[in-house]
Amino acid sequence: MRISRNKTEYMEYEFGGKDQEVDVHDEAPAHNAHIIRDHLNQVYERKWFGTYGPIEWPARPLDITPLDFFMGTFENNSLRRFTKKYTLKEIPNQTTLRKGYVNDIYEDTLVKIRSFIFELEKSNHITIAKLFDNSMHILWPKGVRHDDILLFLSDTAPYTVNAGKSLNIFYTKMVHVTCIVHAFHRIAEQIRGHYSKVDKIIANVKKVFCKSPYGINCFKEKAPLLSIPPQPIITRWGTWLKAAIYYCDIYELIRDIITSFDEKDSVGVENSQKYLSDPDVASNLIYIKSNFGFLPDVPNHSP
């Protein structure tokens with residue numbers, strides 16, 4: 001990789017001059033062959049960086065990589081000597097950086113972010129429509145090409161649906177499509193809210209086996225062919241329903257395993273034993289699987 005740097009302190013420090021052209025090689029074996037090094041020495045008069053080169057080029061080279069070290073690492077004496085050698089500048093200590101630079105950098109970064117985004121005082125169809133239109137003016141500052149906007153994709157929230165209707169007045173060729181996956185996710189949320197006992201079982205059994213080597217080993221001993229209980233993430237589509245189906249399929253087994261634990265081991269064990277002993281839970285799980293078990297796979301089969 002050839003780079004050209006003008007007025008670079010590092011180049012001036014190493015080679016005694018400015019406006020130098022330098023060849024930089026990485027550590028690929030082919031680049032380190034004798035024939036390659038001999039050629040570089042001949043062509044570039046020993047002014048190249050690389051493994052076994054005239055100058056050992058350090059990892060994360062300073063002229064093409066920003067100094068994105070963690071602030072605490074500048075307390076390392078070796079790093080301070082390295083940066084001083086190759087930048088010819090004294091690096092302030094951590095306290096000075098924190099008090100004199102971090103706050104200013106933080107505020108400057110926020111100003112830059114705010115210049116590119118819009119802050120909504122509240123979310124309704126009016127503010128969403130304005131946000132969309134303002135974004136189009138950023139895309140086409142000399143005049144929005146309304147007829148070139150063909151699609152508006154959003155979730156199924158009522159205010160975004162109304163915003164789409166309002167925008168059609170100006171963007172006449174635009175088709176508003178709501179995300180079907182988001183709609184199914186909202187259905188799954190309604191199901192989860194309706195079956196609170198099942199939700200508590202899924203949440204508490206998750207705690208029993210999450211980061212618990214003892215619990216996982218006990219499960220593997222009694223069910224070596226099964227995967228450990230799932231750990232659903234509410235914001236990820238379908239994971240809660242898949243967990244409910246999982247517990248429906250092995251309800252008796254998971255109840256026996258949880259019952260074998262001492263309820264004093266943890267709050268998760270105590271709560272899991274409490275809800276697994278409820279006679280309504282098994283029938284709720286069967287109902288969920290029978291009536292809603294197809295939902296997690298619907299987006300995968302959508303046209």
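Before I name any element, let me say that helices here are DSSP runs of H or I with at least four residues, numbered from the N terminus. Please also keep in mind throughout that this is a predicted model.

With that convention, E270 sits in helix α12, which covers residues 267–276. At a relative accessibility of 42%, E270 counts as partly exposed, because that class lies between the 20% and 50% limits. Together with D262, E263 and D265, E270 forms a negative surface patch.

Turning to the rings, the structure holds eight aromatic pairs. One of them joins F132 and F152 in an edge-to-face arrangement, with 5.1 Å from centre to centre and 65 degrees between the planes. This pair links distant parts of the chain, since F132 belongs to helix α5 (residues 125–139) and F152 to strand β4 (residues 151–154), 20 residues apart. F132 counts as buried at 13% relative accessibility, and F152 likewise counts as buried, at 9%.

A further pair is Y214 with F261, whose ring centres are 6.0 Å apart and whose planes meet at 45 degrees, so the pair is tilted. Y214 lies in helix α9 (residues 213–222) and F261 in the loop between α11 (251–260) and α12, so the contact ties together parts that are 47 residues apart in sequence. Finally, Y214 and F261 form one aromatic cluster with F209 and F219.

Terms used. Residues numbered from 1 in each chain as written. Predicted model: local features only at pLDDT ≥ 70, side-chain atom pairs only at ≥ 80, totals over all residues. Heavy atoms only, no water. Patch = residues over 30% accessible without salt bridge, like charges linked within 9 Å, V, L, I, M, F, W, Y side chains within 5 Å. Areas by Shrake-Rupley, 256 points an atom, 1.4 Å probe, with all protein chains shown as cover. Salt bridge = Lys/Arg side-chain N within 4 Å of Asp/Glu carboxyl O. Lys, Arg positive; Asp, Glu negative; His and termini not counted. Charge placed at Lys NZ, Arg CZ, Asp CG, Glu CD. Helix = DSSP H or I, 4+ residues; strand = E, 2+ residues; numbered from the N terminus. Buried < 20%, exposed > 50% of the residue type's maximum accessible area, 1.4 Å probe, protein only. Phe/Tyr/Trp six-rings, centres within 6.5 Å; stacked < 30°, edge-to-face > 60°.
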